[in-house]
Amino acid sequence: MKKTGRKSPGTLEDRGAVPAGTLEATPEEKRTILRARAKSLAHEPERKGEAEKYLEVLAFLLAHETYAIETVFIREVYPLTELTPLPCTPDYIFGIINIRGQILTIIDMKKFFDLPEKGITNLNRVIVVQEKDMELGILADEIIGIRNIPENALNPPLPTMTGIHAGYIKGVAGEGIILLDMERFLKDRQLIVNEEVGA
Amino acid sequence: MAGKNDAFIKRLLSTFKVEADEHIKNITAGLIELEKEMEPQVKAGIIETVFREAHSLKGAARAVNRSDMETICQSLESVFSGLKRREIDLAPSLFDTLHRSVDMLNAITLSPPEAAVADPGQISRITEKLAKAALGETGEKQAIPNDQPVPRDYPLTSETETLPPGPEPPVRETDETARTQKKAMSTVRISMEKLDSLLRQSEEMLTLKLMADRHLEDQLDLAHLFGLWDKQWAKIYPIICEFRRLQEKSDKQSGKRTQDDIRFARLLEFGELTHDNMKILESRLAELRKRSDHDRYATGLMVDNLLGDVKQILMLPFSTLFESFPKLLRDLSRDQGKDVELSISGGEIEIDRRILEEMRTVFIHLLRNTIDHGIEKPEVRKKNGKPPRGMIQIIVSRSEGNRVEILLSDDGGGIDLGGLKEASLERGIVSPEEARKLTEQDVLSLVFQSGVSTSPIITDISGRGLGLTIVREKIEKLGGRVSVETDRHKGTTIRMNLPLTVSTFRGVLVTAAERPFIIPTTDVERTVRIKREEIRTVENRETLSLEGSTIPLVKLSAVLELSERKDESPVVTILILESQGKRIGFCVDEIRTEQEILIKGMSRPLSRVRNIAAATILGSGKVVPVLNVSDLVKSATTSAIRAAKPAAPQAGGEAAKQTILVVEDSITSRMLLKNILETSGYLVKTAVDGIDAISQLKTEKFNAVVSDVDMPRMNGFNLTEKIRGDKKLAELPVVLVTALGSREDRERGIDVGANAYIVKSSFDQSNLIETLRRLI
């Protein structure tokens with residue numbers, strides 16, 4: 001019998017392990033094991049409380065830190081293949097790209113959080129976020145995946161996170177995921193580039 | 001005048017026709033729906049709709065004086081109002097009456113206006129029927145509400161009376177009727193939103209064209225590779241022949257081949273086979289190229305035709321823009337105590353809606369200018385032997401090559417060329433030597449310069465000398481031209497030449513600091529390639545001599561704040577760009593090509609980026625920024641000034657700050673003004689009224705005074721007078737900020753010698769700050 005390679009707690013072995021000492025299970029034993037497994041798999045996942053709310057977020061890497069954006073704000077995730085840097089813009093404007101005929105502005109969040117540059121690799125993705133008429137791409141060094149974060153498990157940002165951009169952080173989840181406050185971010189007027197020559 | 005009115009009525013009627021048609025269709029649809037079995041709620045909804053449609057149609061009919069239709073609609077309305085309150089039932093016989101009345105409405109709509117009154121007998125019969133229905137068949141319920149009385153002119157007759165069978169249209173079947181009928185059928189209403197989306201999508205098709213171009217280019221490159229191979233083959237072929245001859249010779253001599261010989265022969269054979277294959281591929285490629293070329297041509301043609309037609313759809317007559325002008329002019333001229341008449345011709349000429357929208361601001365600026373500076377007051381006009389009423393004319397006419405010419409002329413005082421020259425000298429736009437050499441036309445072109453105004457005072461309407469600059473900028477952006485002609489004391493004519501449609505944008509693809517950029521072709525005056533030694537340095541700035549004039553040179557990469565390695569190539573490529581009368585040469589790495597491009601606006605968060613207007617997508621899919629030439633020229637001049645005087649303003653620090661005296665009795669306004677000015681970097685002292693101000697002015701040095709008008713003890717006018725009367729203070733700039741916006745006050749402001757007069761209601765900080773910057 002092969003063992004599954006899962007690492008998550010509560011692997012299949014725990015739920016219907018092969019009895020110790022036997023190398024080959026009898027058909028009868030197999031049935032028992034399978035039934036036990038089926039029962040255990042049919043079990044609803046444990047929940048701390050029924051009323052608890054979960055936030056569905058997309059987690060990604062910026063430098064060495066894990067950040068997350070609520071999926072409600074995300075339109076799509078797009079691989080970063082070609083980028084046109086834009087002169088005469090603030091440093092957080094990473095450049096512009098063409099997504100199916102539309103010009104999209106790419107923001108480099110690392111500039112807001114004083115994170116080191118990693119250089120562009122083929123793991124880089126653009127997370128396209130949208131709120132009303134504001135639509136932009138956020139540069140991610142690497143996508144981790146979708147996570148569900150219980151809302152009440154969200155801790156306030158660390159006191160060491162100060163500065164004007166601390167407002168962009170909604171909270172820190174258990175596994176050290178920094179949840180960005182997309183609503184606030186996308187509504188921030190400071191984000192808008194509106195510059196005249198000589199001003 | 002009568003002819004114009006007729007034309008207007010004609011237009012109105014055709015609009016009415018379209019509208020009426022729509023209402024009638026909706027009523028008919030509603031009636032048909034009502035005949036079906038359905039839930040009472042749904043039914044009520046439909047009744048409500050039909051009621052509204054009848055009501056709207058009634059209003060429209062009244063607007064065009066079709067009393068016959070109005071009467072029918074009125075009766076229809078009464079019936080539906082009764083149905084709404086469930087006071088009458090929907091009997092099958094009622095439907096007949098209703099349908100018949102709608103048919104009659106339709107017939108009247110389609111009839112020409114001369115046949116306005118359809119058979120009055122028929123109309124009265126149908127309205128009677130309707131009136132009776134509205135009362136309910138039994139007549140016991142009082143179904144008619146007070147606000148919708150049934151026309152009493154029609155006596156109720158017995159119920160048995162019926163209409164003549166079939167709705168006989170009370171229309172003479174003339175040619176014209178047939179035509180209008182057809183016309184009404186072929187017109188549809190589409191929302192602008194949908195049309196815009198259609199235009200956008202058609203414009204996107206340009207990408208196809210660009211892609212086809214790109215593919216053809218790639219194939220040309222391939223063909224070129226074949227050419228190279230051909231040359232190589234030509235070199236190697238004699239060697240192959242040589243070897244073959246040698247082999248044949250040895251074959252004849254010895255008669256048998258060694259293993260090596262056989263292998264060598266196979267190698268030679270394969271070489272020739274490869275050659276043949278290559279030849280086939282080459283000819284196939286040539287064929288493919290031919291087809292691609294044809295496809296490109298066909299695609300281009302189809303896309304251009306489609307785009308042309310879509311643009312045609314988006315054309316609107318000038319009159320849609322001009323409609324609001326008479327009122328605008330009346331209001332403006334009344335404020336100024338002037339009397340003008342506006343005459344417009346050529347309003348029916350159609351032009352791209354997007355151009356028309358841009359032209360709105362242009363016209364408003366120009367009309368304001370004309371009223372403010374051009375047209376004199378009635379008294380002055382009389383003195384000069386002119387009719388007291390000023391005349392402004394707008395003439396639109398078609399000109400050559402799908403363009404339109406617009407003349408805006410007035411019979412006012414004309415432009416004071418002497419004053420214009422002086423103002424330009426004062427603002428440092430021309431040097432005294434230059435001024436002496438200027439021709440009349442040169443002087444005139446100065447009116448378009450930023451900051452030039454002959455107006456003695458700055459007001460909200462004009463005088464800041466920006467109006468005409470904006471006008472020229474806008475018109476040039478649309479691919480148009482503007483010029484001005486003036487005759488002192490006789491009038492001024494502004495001549496504008498515009499394209500009828502927004503032409504497909506063309507751009508020059510250049511590289512700077514190894515990055516590609518697009519510069520709009522219309523902004524490129526010319527391109528030159530010169531030897532590096534030809535660059536001259538004048539006053540520590542690089543310049544280029546071109547046909548006798550000296551043009552400043554800058555590096556495009558430097559203006560765009562890009563770092564670049566030192567370029568030492570012996571030849572320099574320069575684009576000469578012109579904006580607002582300034583010509584500057586921009587050095588680039590290379591000019592790649594000139595091509596059609598599709599402009600893609602940038603959206604938030606990029607509202608406005610310095611030096612960059614938009615972006616475009618090349619055939620390869622690459623995104624390239626499109627540069628904003630007016631910004632580039634501005635950047636080039638400011639950065640050049642900065643370079644010439646390194647950090648001089650900063651060196652002075654606090655001491656260099658200018659001090660402003662704010663005189664205002666209201667504490668709130670005082671705080672507001674102080675705050676606004678301080679944020680803009682001025683030092684601010686305050687005074688509570690004129691007396692206080694005078695005493696402060698005597699003890700301290702100020703760079704300008706910003707004063708309210710209405711104040712206790714000493715008001716703003718008196719303060720200004722006092723300042724002007726004082727020898728030491730006479731030159732001190734005074735800005736009056738006031739809630740009083742009347743003409744008399746403004747004139748009083750001029751009389752007492754204020755430099756600017758800003759009305760509080762339109763008071764935003766940029767206005768004040770800009771005025772101060774100009775004055776100090």
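Start by selecting A:N194 and B:R608: A:N194 stands opposite B:R608, which is in strand 18 of chain B. Now extend the selection to strand 11 of chain A and strand 18 (residues 606-608) of chain B, which pair in the parallel sense over 2 bridges. Two strands pair if DSSP finds at least two bridges between them. Strands here are DSSP runs (E, at least two residues) and helices are DSSP runs (H or I, at least four residues), numbered from the N terminus.

This is a predicted model, in which local features need pLDDT of at least 70 and side-chain atom pairs count only at pLDDT 80 or more, while totals for chains, interfaces and linings use all residues. Residues are numbered from 1 along each chain as its sequence is written, and chains are lettered from A and ligands numbered from 1 in the order in which they are written.

Next, show the whole contact between the chains. Chain A puts in 24 residues and chain B 27 residues; two residues are in contact if their C-beta atoms, placed from the backbone, lie within 7 Å. On the side of chain A that touches chain B, the elements giving two or more residues are strand 4 (93-99), strand 5 (102-107), strand 7 (134-140) and strand 11 (193-194) of chain A. That side has 12 nonpolar, 7 polar and 5 charged residues. Ala, Val, Leu, Ile, Met, Phe, Trp, Tyr, Cys and Pro count as nonpolar, Asp, Glu, Lys and Arg as charged, and the others, Gly among them, as polar.

Strand 1 (residues 54-62) of chain A runs antiparallel to strand 8 of chain A, and 8 bridges join them. To see one bridge, pick A:E56 and its partner in strand 8 of chain A, A:N148.

Move to chain B and select B:E217, in helix 8 (residues 206-254) of chain B. B:E217 counts as partly exposed because it has 14 C-beta neighbours inside 10 Å (20 or more other C-beta atoms within 10 Å make a residue buried, 12 or fewer exposed, in between partly exposed; C-beta atoms are placed from the backbone).
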